[in-house]
Amino acid sequence: MHFKRSLLILFLLLCVAIIFALIKGAVNIPLANLLFKDNQVIFNLRLLRIAAAILVGSGLSVSGIALQSILRNPLAEPYLLGTSSGAGLTAVIAVILGVSRIYMPLAAFLGAILSILIVYSLARGRGVIADKSLILSGVIISVAFSSVIVFLVSLFGNQAMHEMNWWLWGSLQVYDYKLLLLVALVVILGICVVYFFAQDLNAISMGEEEAMHLGIDTQNIKKILILTTALITASLICICGIIGFVGLIVPHMMRLVAGPNHKVLIPTTCLAASVFMVFCDLLSRTLFSPVEIPIGVITAIIGTPVFIILLKKGKRI
Amino acid sequence: MSVLLRINNLRGGYYKEDVIRGLSLNVNQGDFLVIIGPNGSGKTTLLRLATRVLNIKNGEVLYKDENILEMELKEFCRKVAFVSQDIATGFSFTVMELVLMGRIPYLKRLQFETKRDIEIAQEKLALTDALSLKDKRIDELSAGERQRVVIARALAQEPELLFLDEPTSHLDIGHQIQTLDLLKKLNRQNNLTIVMILHDLNLASAYSNRIALLDNGIIFKEGSPDEVLTYENIESVYKTIVLVNNNPLTGKPNVVLVPGDR
């Protein structure tokens, strides 16, 4: 079957990308030497980075797919509902209050969840969620929170500047593997939940009323999926900050390649986005080594031409 | 003749306003029932209430004597299908993928369509004369082609009752006739009961066995085309002057519009 073949190819590509990401870096280590004791630290650090790249790639792109289909809006992305500015705001507040670094992820997570709750309750009227209100509330809350961030930074000066930059540009360098494990659990479960509703997403992407006529409980499924994507995004933000592009463009790339059927689209996108992120991360740390270029910059520089080529070709592969 | 759908004293509509205000109507097995009425009279709202898209405020809708709200949603969608005026084409599914969505009420979660589902989809595409389109993307189709594909999807639900909301509104006269001929054929040969909203009174007259004329959320008059399409009924509901004669070919009533400024 065509679908299984593409999954296999993507999986092999991912393996290749992982091997390259393990051996290349500021120091190049031959594959055979990787397991030696003296290389243990580098090996572990690189492994955590690869894990983070895979989680960010698959988590954000699947969230993007779900939100774009539910809202039938090509501009929808995981940060649409205000999660990024919410997380940024509480992180900046935490820095100003002198909260210990250990609690920063928690602060960011709470901020992301808080902003989604606000956006959601603003959009909720008459017992149903209107797509337009949801998008507009998300935009408004993002703008409002971002202004407060700038306001706080101008008042409290340099103290929060570095921290804020970290949140805005994101980084895949993870030190806390326990936190990473927790995030991995949320992301993997979240992706499974989205995949569980793959068939419903197909119908909902053709219109909510259309889906209802096919026996789909659209209102409840929308709620579940918005909550799921919010949890995925908030968890990822609190370990990696905000990493743009993946959640917005990779779903569109994969729709062009694999078609809009979610049963095929979600698994292929998971793998493709993982390959993409591992590869981009490899470039970000080796291209101008020892200087590391922010991952968000690389994803955009590599992703844009790839996207344009796919768009111009305009055919499913 | 057995009653398939029984609508009793139905009330409902949108947030503040009941658009349907105590409406009763029976749909018989094998009917080709056309709903007509002015804009805002509640035609689409009636269909939305009867297909569980909107909440019923009062009264009930019975499908073969079972309250539709008590039926399992997917079970209901295996019996009753709906064709809307037009579909969203933002995501470019292929025609085959779209028609296979009609099998969703039969599929378990995470289940891929079986060979049987694909056969049914192909069969329905052939029935609507759209099999040659099966690998095309839906955003590449003309309005007429899209309508045939959407009808094929509804048929893939293998319904006993098919609702259609102005299926001819985006079509030229040739495609209007083609679509309605197809529906008439399905109605006769496949014993599919059809309830359809139409604006064109002459198409309603030519194809239906029963017409329901809606006004202000209730049935103003219901019966055969001859009984409903009289100039008194039309003038008092549509507030416009018409001339009613007979179509020389079919013998059915033929409504001639009368311009105000002659």
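Leu214(B) stands opposite Ile219(B) in strand E10(B). This is a predicted model: local features need pLDDT of at least 70, side-chain atom pairs count only at pLDDT 80 or more, and totals for chains, interfaces and linings use all residues. Residues are numbered from 1 along each chain as its sequence is written, while chains are lettered from A and ligands numbered from 1 in the order in which they are written.

**The hairpin**

E9(B) and E10(B) form a hairpin with two residues between them. Asn216(B), in the turn, has a positive phi of about 55 degrees. Strands (E, at least two residues) and helices (H or I, at least four) are DSSP runs, numbered from the N terminus. Two strands pair if DSSP finds at least two bridges between them. E9(B) is mostly covered, with five of its six residues buried. Buried means 20 or more other C-beta atoms within 10 Å of the residue's own; exposed means 12 or fewer, and partly exposed lies in between, with C-beta atoms placed from the backbone.

E9(B) has these pairings:

| Strands | Sense | Bridges |
|---|---|---|
| E3(B) and E9(B) | parallel | four |
| E9(B) and E10(B) | antiparallel | five |

The open sheet of chain B has six strands in the order E6-E7-E8-E3-E9-E10, with mixed pairing. E6 (80-83) and E10 (218-223) of chain B stand at the edges; each has a single partner strand, so one side of each is left without a neighbour in the sheet. From one strand to the next, the twist averages 20 degrees. Helix H5 (residues 143-156) of chain B packs on the sheet, touching E6 and E7 (161-165). The direction of H5(B) makes about 170 degrees with that of E6(B). Axes are lines fitted to C-alpha atoms, for helices over the stretch in contact; angles run from 0 to 180 degrees between N-to-C directions.

**The interface**

24 residues of chain B are in contact with 19 residues of chain A. Contact means C-beta atoms, placed from the backbone, within 7 Å. On the chain B side, H2 (73-79), E6 and H3 (95-101) each supply at least two residues. H2(B) gives the most, with four residues.

Methods
Two residues are in contact if their C-beta atoms, placed from the backbone, lie within 7 Å.
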